[in-house]
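This report is written for a reader who meets the structure for the first time. Please look over the sequence and the model before reading on.

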Amino acid sequence: MLFVVVHLIAPNFLPEIFALLSHGDILETAEYIKSYGSMAVVFSFLLTLFVNALGFPPAIVFSTANTLIFGIFWGIVISVAAETIGVTISFLLLRFFFRDTAEKIISKSKFLSSIDHYSSEKGFIVMLIARMVPYLPSGLLNAVGALSSLSLRDYFLASLIGKFPSTGIEAIIGHDAILKEEDPTRIIVVVIFAIVLIVWAYRYNKKHMH
């Protein structure tokens, strides 16, 4: 359905994007985004959102391209914001179409029911940590979140916060590899940031559940 809507609005969009992805060339992708001039940031945001709503292909192509165009800081900020909205749209669509079916299956199994209950109580921190893992398929986490009892609020917050370190690491590694730069300081800062977030999330979850 999403493909149909996008195709009706902009018939050339999908063929151009699929052509870029088939090449897998990040520099070419960056040049394509830059060709939109003053609208490049808007186009990049919507493109990154679209890819994450679908759950494929890997968003690293676009997050890295964003750092090349807008710089590391703003490239990561734009990517995280777009990715979070994209996975939230995916969450809502998957939950709307499949949660009822999942609930019927879960209700017939004590094991699945216990997992579903656990996802409601501990889902926030589990999703947060999962989102922090670089290169983990976003589509898989979208589906797991949507079919669990995780609330929309906790899913959104976990995705927003968790994507900063994972997207940051992916984008920085891609950026430095392409430009042949070596600056481990940035990765170290992101990792420390991730640890701080995990500690905060643990305390938040503990307080929230009590």
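The text below goes through the nonpolar cores, the aromatic pairs, a surface patch and the salt bridges.

The model is predicted.

**Nonpolar cores**

The largest nonpolar core has 17 residues, and those that touch the most other members are Met127, Leu128, Met132, Tyr155, Ala158 and Ala201. At least two residues of this core come from each of helix H6 (72-107), helix H7 (110-132), helix H8 (138-147), helix H9 (152-179) and helix H10 (184-209). H7 gives the largest share, 6 residues. Leaving out residues up to four places away in sequence, Leu128 touches Ala158, Ile161, Gly162, Leu197 and Ala201.

**Aromatic pairs**

How many aromatic pairs does the structure hold? There are 6 aromatic pairs. In one of them, the ring centres of Phe73 and Trp74 are 5.1 Å apart with the planes at 80 degrees, so this pair is edge-to-face. Phe73 is exposed, at 56% relative accessible area, and Trp74 is exposed as well, at 52%.

The pair of Phe91 and Tyr155 is stacked, with 4.2 Å from centre to centre and 20 degrees between the planes. Because Phe91 belongs to helix H6 and Tyr155 to helix H9, this pair ties together parts that are 64 residues apart in sequence. Are these two residues buried or exposed? Phe91 is buried, with a relative accessibility of 1%, and Tyr155 is buried, with 0%. Tyr155 is also among the residues of the largest core that touch the most other members.

Elsewhere, ring pairs join Tyr32, Tyr36 and Phe43 in a cluster.

Ile85, Ile89, Leu93, Phe96, Phe97, Phe98 and Leu147 make a nonpolar surface patch of about 690 Å². H6 supplies the largest share of the patch, 6 residues. Phe96 sits in helix H6 and is exposed, at 65% relative accessibility.

Phe70 is part of helix H5 (residues 60-70). With 24% relative accessibility, Phe70 is partly exposed. Apart from neighbours within four places in sequence, its contacts are Ala40, Val41, Ser44, Gly75 and Ile78. Val41 is 29 residues from Phe70 along the chain, and the C-alpha atoms of the two are 8.2 Å apart.

**Salt bridges**

Side chains of opposite charge can pair when their charged atoms come close.

| Residues | Distance (N to O) |
|---|---|
| Glu31 and Lys34 | 3.7 Å |
| Lys163 and Glu83 | 3.0 Å |
| Asp154 and Arg153 | 3.3 Å |

Glu31 and Lys34 are about one helical turn from each other, because they are 3 residues apart in helix H3 (residues 26-34). Lys34 is partly exposed, at 44% relative accessibility.

Lys163 is buried, with 6% relative accessible area, and Glu83 is buried, with 3%.

In the bridge between Asp154 and Arg153, Asp154 is buried, with a relative accessible area of 7%, whereas Arg153 is partly exposed, at 43% relative accessibility.

Conventions:
Residues are numbered from 1 along each chain as its sequence is written. This is a predicted model: local features need pLDDT of at least 70, side-chain atom pairs count only at pLDDT 80 or more; totals for chains, interfaces and linings use all residues. Side-chain values use heavy atoms; hydrogens and water are left out. A nonpolar core is a set of buried Ala, Val, Leu, Ile, Met, Phe, Trp, Tyr and Cys residues joined through side-chain atoms within 4.5 Å. Buried means under 20% relative accessible area, exposed over 50%, partly exposed in between (1.4 Å probe, protein chains only). Helices (H or I, at least four residues) and strands (E, at least two) are DSSP runs, numbered from the N terminus. Contact means heavy atoms within 4.5 Å. Rings of Phe, Tyr and Trp (its six-membered ring) pair if their centres lie within 6.5 Å; planes under 30 degrees apart count as stacked, over 60 as edge-to-face and the rest as tilted. Patches are made of residues with over 30% relative accessible area and no salt bridge: like charges are joined within 9 Å, nonpolar side chains (Val, Leu, Ile, Met, Phe, Trp, Tyr) within 5 Å. Accessible areas come from the Shrake-Rupley method with a 1.4 Å probe; for residues, only the protein chains shown count as cover. A salt bridge is a side-chain nitrogen of Lys or Arg within 4 Å of a carboxyl oxygen of Asp or Glu.
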